[in-house]
Amino acid sequence: MDLNALKSNFEKIYKKPVEAVFFSPGRVNLIGEHTDYNGGYVFPCALSYGTYLLVSKNDDRVLRFASENLERRETVSIENISQPLSGDAWMNYPLGVMDQFKKQGVVMDQGVDLLYSGNIPNGAGLSSSASIELVTSVMINDIFGGNLEMMEMVKISQNAENQFVGVNCGIMDQFAVGMGKKDHALALKCDTMEWSTVPLKLDGYKIVISNTNKRRGLADSKYNERRSECEQALKELNKSGEYHSLSDIDFHTFNQIFERLSSDVLLRRARHVITENQRVLDAMRALKEGNIQEFGQLMNASHVSLRDDYEVTGPELDALAEEAWKADGVIGSRMTGAGFGGCTVSIVRENKTDDFIHQVGPAYEKRTGLKPQFYIADVGDGARRLM
Ligand code: GLA
């Protein structure tokens with residue numbers, strides 16, 4: 001990202017200099033999908049792609065929003081931050097965060113002029129929304145003396161998305177973009193919020209992100225549907241409230257009690273969550289032991305489970321994963337994020353990444369009619385002030 005060009009664009013729009021610049025990354029989840037809202041483990045990492053936010057205070061008691069990626073601009077009085085804007089406004093992500101800070105007693109006593117600019121592909125399931133939330137959080141915290149810890153800002157950002165934007169997401173995305181660490185993956189248990197970093201020892205391999213370029217049309221309604229299916233499965237598996245989440249149940253126990261479930265659909269949803277949780281634990285161990293082959297096999301098994309049991313892949317993600325599995329030098333490949341569209345994540349031998357792109361790209365296009373995009377992931381740090 002060319003920061004000087006960004007700064008001159010800010011000066012062109014607002015006719016004044018930039019006072020501070022913030023950055024927050026996107027994320028890719030290596031394994032542990034649809035486990036976060038079931039109290040389980042996730043294993044994401046932050047990317048070097050993300051959202052930049054340039055800011056300068058104003059004396060007009062207004063928030064001026066502009067973006068290099070989206071055309072719509074707005075001016076909102078600081079007295080009105082608790083009111084969402086109509087018509088799918090992207091500013092509702094930052095406004096939701098500002099509203100949460102207000103609820104925490106952090107007062108924005110002055111207006112700010114804001115320019116957002118992102119290089120995460122939009123709608124690709126790489127957490128562009130969590131990135132906007134966290135970059136806004138670190139900005140308010142810094143400029144308005146919030147004194148909040150990063151973990152509090154992670155939760156505030158999730159609350160903003162749940163309550164203000166109305167998407168019932170779990171904690172993984174905000175956690176990964178807030179707490180990311182260069183060249184490390186983050187191991188998080190989502191019910192206790194215990195976490196640690198694991199070095200990404202990938203000597204000779206690269207993380208390749210492949211974008212289906214299939215927009216996630218029905219994603220949000222299906223996402224909420226999966227959440228309620230999991231809640232229903234938990235209710236039916238519980239005799240006397242012994243399990244707080246599906247992740248409290250191991251596979252051995254599940255095999256003894258699955259007959260309590262009233263339908264095959266609920267059985268498959270629960271089975272995905274319970275087996276996926278175990279796969280994350282196995283994958284963390286494999287990575288620590290340097291057993292990258294096993295890590296890859298667990299990624300493949302994760303995709304199959306998301307396809308057959310959780311049913312969140314769809315023809316495009318399946319085609320992209322299947323073509324990756326056929327390619328030489330691929331250690332593992334799976335969908336990443338919520339599903340239904342968006343991206344896959346693959347571990348590919350470093351000297352085979354060009355072959356991968358040239359083989360998988362045309363094969364995927366032939367099957368789906370869509371042109372995919374490929375990115376070699378660089379694992380970076382979490383949300384922060386740049387200057
Ligand atoms: C989306 C949500 C996350 C998580 C994933 C699926 O990215 O925002 O909280 O549930 O889907 O693992």
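Biologist: Which side chain makes a polar contact with the side chain of Ser305?
Modeller: First, the ground rules: this is a predicted model, where local features need pLDDT of at least 70, side-chain atom pairs count only at pLDDT 80 or more, and totals for chains, interfaces and linings use all residues. Residues are numbered from 1 along each chain as its sequence is written, and side-chain values use heavy atoms, with hydrogens and water left out. A polar contact is a pair of N or O atoms within 3.5 Å; within protein, one must be able to donate a hydrogen and the other to accept it, and residues adjacent in sequence count only if both atoms are side-chain atoms. At 3.1 Å, the partner of Ser305 is Arg279.

Biologist: Where does Ser305 sit, and is Ser305 buried or exposed?
Modeller: Ser305 belongs to helix 9, residues 292-308. Helices (H or I, at least four residues) and strands (E, at least two) are DSSP runs, numbered from the N terminus. Buried means under 20% relative accessible area, exposed over 50%, partly exposed in between (1.4 Å probe, protein chains only). With 8% relative accessibility, Ser305 is buried.

Biologist: Which residues is Ser305 in contact with, leaving aside neighbours within four places in sequence?
Modeller: Contact means heavy atoms within 4.5 Å. Under that cut-off, the residues are His272, Thr275, Arg279 and Tyr310.

Biologist: On to the ligand. Which side chains have an N or O atom 2.6 Å from an oxygen atom of the ligand?
Modeller: His34 uses a backbone N or O atom instead, 2.7 Å from a ligand oxygen. At 2.6 Å, the side chains are those of Asp173 and Tyr223.

Biologist: How much of the ligand's exposed area does the protein bury?
Modeller: Accessible areas come from the Shrake-Rupley method with a 1.4 Å probe. Taken alone, the ligand exposes 300 Å². The buried share is 93%.

Biologist: Which cysteine sulfur is nearest to that of Cys190?
Modeller: Cys190 is in no disulfide. Cys190 is buried, at 10% relative accessibility. The nearest cysteine sulfur, 11 Å away, is that of Cys169.

Biologist: Where does Gly39 lie, and which residues is Gly39 in contact with beyond four places in sequence?
Modeller: Gly39 is in the loop between strand 1 (20-29) and strand 2 (41-42). Gly39 is buried, at 8% relative accessibility. The contacts are Lys189, Cys190, Asp191, Ser245 and Ser247.

Biologist: What is the phi of Phe340?
Modeller: Most residues other than glycine have a negative phi. Phe340 sits in the loop between strand 10 (330-336) and strand 11 (343-349), and is buried at 18%. Its phi is positive, at about 70°.

Biologist: Is Lys15 buried or exposed?
Modeller: Lys15 also has a positive phi, about 55°. Lys15 is in the loop between helix 1 (3-14) and strand 1. At 70% relative accessibility, Lys15 is exposed.

Conventions: A disulfide is a pair of cysteine sulfur atoms within 2.5 Å.
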